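Here is a short report on one protein chain. Look at the sequence and the model first, then read on.

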Amino acid sequence: NHPPNIFTMAKKSSSKAKAAPVKKVSKADPLFPSRPRSFGVGGNIRPAGRDLSRFVRWPKYVRIQRQRAVLYQRLKVPPSINQFTKSIGKNEAASV
């Protein structure tokens, strides 16, 4: 996908004779095939420093105090507005 890099350094040629490469046996798991990653913009890699605190499993007391704050906010809806949350069904509306 990327153009060839024209600013690469020349490879060093070693005077030593290279030994035969050792093949390592890797058993690929068929359930989790390895796929190539795309490092470009919009690729597979998430940016570093992203705030993942929302997805943390918080302690029970933290969850309870947050839920309590949300519920108390919901209780502050004035009755004149809250009356529209309890609508009646089609069948009941037809009989009225």
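The sections below cover confidence, fold, surface and ring contacts.

## Confidence

This is a predicted model. The mean pLDDT of the chain is 79. A score of at least 70 is reached by 73% of the residues.

Helix H1, residues 60-75, has the highest mean, at 92. Helix H2, residues 79-82, has the lowest, at 85.

## Fold

The chain has three helices and zero strands. Read from the N terminus, the order is α-α-α.

## Surface

The accessible surface of the chain is about 11,000 Å². Carbon and sulfur atoms account for 59% of that surface.

## Ring contacts

How many aromatic pairs are there? The count is zero.

The charged end of Arg 66 sits over the ring of Trp 58. The distance to the ring centre is 4.4 Å.

Notes:
Residues are numbered from 1 along each chain as its sequence is written. This is a predicted model: local features need pLDDT of at least 70, side-chain atom pairs count only at pLDDT 80 or more; totals for chains, interfaces and linings use all residues. Side-chain values use heavy atoms; hydrogens and water are left out. Helices (H or I, at least four residues) and strands (E, at least two) are DSSP runs, numbered from the N terminus. Accessible areas come from the Shrake-Rupley method with a 1.4 Å probe; for residues, only the protein chains shown count as cover. Rings of Phe, Tyr and Trp (its six-membered ring) pair if their centres lie within 6.5 Å; planes under 30 degrees apart count as stacked, over 60 as edge-to-face and the rest as tilted. A charge sits over a ring if NZ of Lys or CZ of Arg is within 6 Å of the ring centre and within 35 degrees of the ring normal. pLDDT is the predictor's confidence in each residue, from 0 to 100.
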